Amino acid sequence: MTDIEIANSVEMQHIKNVAEKVGITEENLEYYGKYKAKIDNFSDLISDETVKNSTAKLVLVTAINPTPAGEGKTTTTVGLNDALNRLGKSSMAALREPSLGPVFGIKGGAAGGGYAQVVPMEDINLHFTGDFHAIGAANNLLAAMLDNHIKQGNALNIDPMNIVWKRVVDMNDRQLRNVIDGVAGGGNATVNGVTRPDGFDITVASEVMAVFCLANSLQDLKERLGKMVVAYTFDKKPVTAAKLQANGAMAVLLKDAIKPNLVQSLEHNPVIIHGGPFANIAHGCNSVIATKSALGLAKDYVITEAGFGADLGAEKFLDIKCRLSGLYPDCVVLVATVRALKSHGGVAKADLNNENLEALEAGLPNLLQHVENMKNVYGLPVVVALNKFPTDTEDEVKLVESKAADLGVDVILSDVWAKGGEGGEDLAKKVIELCDQSSVQSLTKENQFAYDLNISIEDKLNEIAKKIYHADGVVLTPGARKKMVQLEEQGFRDLPICVAKTQYSFSDDAKKIGAPKGFKVTFKDIKVSAGAGFLVALTGSIMTMPGLPKVPAANSIDIDSNGHITGLF
């Protein structure tokens, strides 16, 4: 059975009944049909006092670098949450919302898989509760107000050739990466704005998305939106959204979106899905509001996920989200598959079903380097969740277990795709054990990060590159170095760093799989996301507007006369 067939084979509970499991009353629900709702009046759930007094342990699910074979972070997150509930624990999961671009592009859906899914799967992967549309509208309102300000006299002295704010659309559309807008037409050049170079990002790359996911309240959201730098004046001074008096109207567009969304797993356990920045071009975590809400509701465990490999998602979760929110996980689940590790060992996708211990051993350093980073850089207990495939051989599994054991880490077979929560009980028991150990250890240590905030931007980049990627250092292009100097002069030196790079490698070269050595990471640009509170450092050919593949997933997605969707996975 396909994911969508499995999802449709299970009868969902009314979201009111799911909410009751964690004490959410009906008056605090805003229904979007029978099976999804927004949590209203969430401020008490996320107050500093509530989070401080929460008894729930925070578990971070991350993974090795992605491969064509797939790894299954979301599937593991959902299955682990179901398993903990099966063991009698009060547990919730907090996840990102999928972006339409990848759903119709190459990635497909992002609601888990098999019997470890969140539902309604079709809604979650499509328009859901409209959050992304609101974020796109807020972003584009700011763009319109910026251009209108210039057209109406330009009182702020904005340089039209030095505008850094782009419009967005939630679709992989490479044609929009670079455009010329405000083009005169109809013989009247005065009505179409100022002709200038422009471009589009995908919605999940918008700073509005990053601000949305790091804000603690509607007021905090409005203030952060106001700090966003959208352009520079002719004398090189930054212009913010607040100077354009745009952040109030933007916050109005986001007043409903900021409320976290409640759905359920196939085993009817509550899951919060809220916000969705990409991890290769943004910070890759669900909203702070979602995580804190779950901690305020669940009594025992909250399972959350960081996008792509641990070098991107987990690093940014820890060094950005945790640093800015005061949260910190109690343990890390690092997801891998035998097939994906063989892929890192150089095996073609068509040959991954064949036993190949030599290739597996060649690919294992990717997993082991992520494990070392979580243990040694961040001081966190780690368990490897090895997603089970029928083609895995006993010798292959034993080899993974042996290499992980050398680092003092257990490998637990996870069968949640095929068995749901039942297939994740061994993993859940190990997570309980590690969280109990972490509670004792946390009394004697402080949260650890990969770098200090009070060092230079270049030193931070070097710390990330050397400690997390195991690179020899960094190279800044002349343009990136110039931007770095300007940003430090403008007072942005002490912000954390969000690295935008390929998700497929520790390096900035997607072809360098496994755990490459003897390389440097080249940064071509550095820009400020002042509202979000971090700097974005871009490497290689990373793009903030993806394109569709040769054969997009959209080619196979269809709907029949009865409204049944096929091809969405």
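A residue is called buried under 20% relative accessible area, exposed over 50% and partly exposed in between (1.4 Å probe, protein chains only). Lys430 is buried by this rule, because its relative accessible area is 11%. The model is predicted: local features need pLDDT of at least 70 and side-chain atom pairs pLDDT 80 or more, while totals for chains, interfaces and linings use all residues. Residues are numbered from 1 along each chain as its sequence is written, and side-chain values use heavy atoms, with hydrogens and water left out.

Lys430 forms a salt bridge with Glu433, a side-chain nitrogen of Lys or Arg within 4 Å of a carboxyl oxygen of Asp or Glu. The structure holds 26 salt bridges. Three of them are listed here.

| Pair | N to O distance |
|---|---|
| Arg196 and Asp198 | 3.4 Å |
| Lys430 and Glu433 | 3.0 Å |
| Lys467 and Glu463 | 3.1 Å |

Arg196 and Asp198 are both buried. Glu433, at 37% relative accessible area, is partly exposed. Lys467 is partly exposed at 33%, and Glu463 is partly exposed at 27%. A network of salt bridges links Glu30, Asp40, Lys255, Asp256 and Lys259.
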